[in-house]
Amino acid sequence: MRFSLPIIVVLALTNIYLLAQSGAPVRDMEPVSGEERLVSAEHQLELLKAQDKITILKLMLDRYREANTHRLRLTAYTARPEETNEDVDNTAIMQTPRPGWTVAVSHDLRGWLGKRVYVEGFGVRFVGDLMNPRFTKSIDVLVADVDEALAIGVIQDVFVTLIEPLLPEHYDGDFDITAVFNWNRE
């Protein structure tokens, strides 16, 4: 966090400037008691501190997204021996595959095994399996049946974000994480 201090200084100076610019001329203001002025100043200071914290958190989230978001080739598969290895009851990390939750990634992304990702258009998924080594920069969504897999087909340039550090330990889908990861893409 070597950039934290300069960011805080810039934000503080910006807030001071905005306060000075937004203040109404003294002649237009109604007389206020000293106590009311003190409470108002304390309230404004607390608001400025909260705004600074929010701005810093937004900057951190933007940097995290930039570092952990990839454009991948997306396909779908079913847990059948024709599409997997002969052990259809276990993933690469020896867990039972769950359609709608489990995804497989290409070997260049094997560091994601055991972690959660946000897949654009599909939501939060668990990386529990590996694809055939011939694929790179790819993700494979486990679905319940072949018709669903065929309907998905092959989708190029899907945004996938590693979110493991951002979610609580036992994410149960109670909150809408899509809002966190929908940002302006140009």
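Tutor: We start with touching: two residues are in contact when heavy atoms lie within 4.5 Å. This is a predicted model, so local features need pLDDT of at least 70, side-chain atom pairs count only at pLDDT 80 or more, and totals for chains, interfaces and linings use all residues. Residues are numbered from 1 along each chain as its sequence is written, and side-chain values use heavy atoms, with hydrogens and water left out.

Take Ile139. Leaving out residues up to four places away in sequence, Ile139 touches Leu72, Arg73, Leu74, Thr75, Val103, Ala104, Val105, Val117, Val119, Met131 and Val160.

Now the core itself. A nonpolar core is a set of buried Ala, Val, Leu, Ile, Met, Phe, Trp, Tyr and Cys residues joined through side-chain atoms within 4.5 Å. Buried means under 20% relative accessible area, exposed means over 50%, and partly exposed lies in between (1.4 Å probe, protein chains only). The largest nonpolar core has 19 residues. Leu74, Trp112, Val117, Val119, Ile139 and Val160 touch the most other members. At least two residues of this core come from each of β1 (69–77), β2 (102–105), β3 (116–119), β5 (138–142), α3 (146–152) and β6 (155–162). Helices (H or I, at least four residues) and strands (E, at least two) are DSSP runs, numbered from the N terminus. In soluble globular proteins, nonpolar side chains tend to be buried together.

Step back to the chain. Four helices and six strands make up its secondary structure. Their order from the N terminus is α-α-β-β-β-β-β-α-β-α. Of the 186 residues, 29% are buried. Take the contacts between residues at least 6 apart in sequence: 74% of them join residues at least 24 apart.

Follow β1 next. Tyr77 is found in this strand. Is Tyr77 buried or exposed? Tyr77 is buried, with a relative accessible area of 5%. Tyr77 and Val143 are 66 residues apart along the chain, yet their C-alpha atoms are separated by 6.0 Å.

The largest pocket holds about 560 Å³ of space. Its lining has 27 residues, and Glu83, Thr84, Leu130, Met131 and Asn132 lie nearest its centre. β1, β4 (123–130) and β5 each supply at least two lining residues. β1 gives the most, with four.

Compare β6. Gln156 lies in this strand. Gln156 counts as partly exposed, at 49% relative accessibility. Gln156 is in contact with Leu72 and Arg73, leaving aside neighbours within four places in sequence. Gln156 and Ser138 are 18 residues apart in sequence and 9.1 Å apart in space, C-alpha to C-alpha.

Last, a charged pair. The structure holds one salt bridge (a side-chain nitrogen of Lys or Arg within 4 Å of a carboxyl oxygen of Asp or Glu). Glu82 forms it with Arg80, and the closest N and O atoms are 3.2 Å apart. Glu82 is exposed, at 60% relative accessible area. Arg80 is partly exposed, at 32%.

Key. 1 Å grid on protein atoms, 1.4 Å probe; cavity = no way out; pocket = protein on both sides within 12 Å on 5 of 7 lines; lining within 4 Å. Points joined across faces, edges and corners; volume = space filled by probe spheres on them.
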